[in-house]
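Colleague: Could you put the model up, so that we can go through it together? I have a few questions once it is on the screen.

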Amino acid sequence: SLYQKKRDMLCNGLADCGYEFQKPQGAFYLFPRTPIEDDVAFVAALQEENILTVPGSGFYGPGHVRIAYCVDDRTIEKAMPGFAKGIKKFKK
């Protein structure tokens with residue numbers, strides 16, 4: 001389906017960057033673990049890369065971010081360098 005393709009594109013890209021997550025079977029969002037405990041700070045770091053995510057603590061999942069992938073494929077592709085930069089700021 002359309003969303004499976006978007007999910008796979010996002011999952012493959014984030015896995016290549018070193019993010020940890022469980023691949024969702026349904027829905028239209030991903031819930032990867034943040035490289036630091038403070039998910040709000042990590043969301044702020046992604047915002048510096050022009051990537052909009054939501055802290056997982058708002059969804060009873062502290063230490064995670066919520067990423068919606070009901071967006072254009074090009075948006076997902078263009079976000080990958082920012083996701084890579086975001087995680088590299090904190091992973092040693």
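Modeller: First a definition: two strands pair if DSSP finds at least two bridges between them. Helices (H or I, at least four residues) and strands (E, at least two) are DSSP runs, numbered from the N terminus. This is a predicted model, where local features need pLDDT of at least 70, side-chain atom pairs count only at pLDDT 80 or more, and totals for chains, interfaces and linings use all residues. Residues are numbered from 1 along each chain as its sequence is written, and side-chain values use heavy atoms, with hydrogens and water left out.

Colleague: Which pattern does the protein follow along the sequence?

Modeller: The protein has three helices and three strands. Reading along the sequence, the pattern is α-β-α-β-β-α.

Colleague: And what is its radius of gyration?

Modeller: We take that over C-alpha atoms, and the globule rule is 2.2 Å times the number of residues to the power 0.38. For 92 residues the rule gives 12 Å, and the protein is close to that, so it is as compact as a globular protein of that length: its radius of gyration is 12 Å.

Colleague: In what order do the strands sit in the sheet?

Modeller: S1 and S3 pair in the antiparallel sense over two bridges, with tyrosine 29 partnered by alanine 68 in S3. Two bridges also join S2 to S3, again antiparallel; there, valine 54 stands opposite arginine 66 and proline 55 has valine 65 as its partner. Strand S1 (29-30) and strand S2 (54-55) stand at the edges with a single partner strand each, so one side of each has no neighbour in the sheet. The sheet is open, and the order is S1-S3-S2.

Colleague: How many disulfides does a search of the whole structure find?

Modeller: A disulfide here is a pair of cysteine sulfur atoms within 2.5 Å. The sulfur of cysteine 11 has its closest cysteine sulfur in cysteine 17, at 12 Å, which is too far for a bond. Cysteine 11 is also buried, at 4% relative accessibility. The number of disulfides found is zero.

Colleague: Which element gives the most to the lining of the largest pocket?

Modeller: On a 1 Å grid over the protein atoms alone, a pocket is an open set of points where a 1.4 Å probe fits, with protein on both sides within 12 Å along at least five of seven lines; lining residues have an atom within 4 Å of a point. Of the 14 lining residues, the closest to the centre are Ile51, Leu52, Thr75, Ala79 and Phe83. Strand S3 (65-68) and helix H3 (73-88) each supply at least two residues. The top contributor, with six residues, is H3.

Colleague: Tyrosine 60 isn't a glycine, so what is its positive phi?

Modeller: Most residues other than glycine have a negative phi. Tyrosine 60 lies in the loop between S2 and S3 and is exposed, at 82% relative accessibility. Its phi is about 60 degrees.

Note on methods. Buried means under 20% relative accessible area, exposed over 50%, partly exposed in between (1.4 Å probe, protein chains only).
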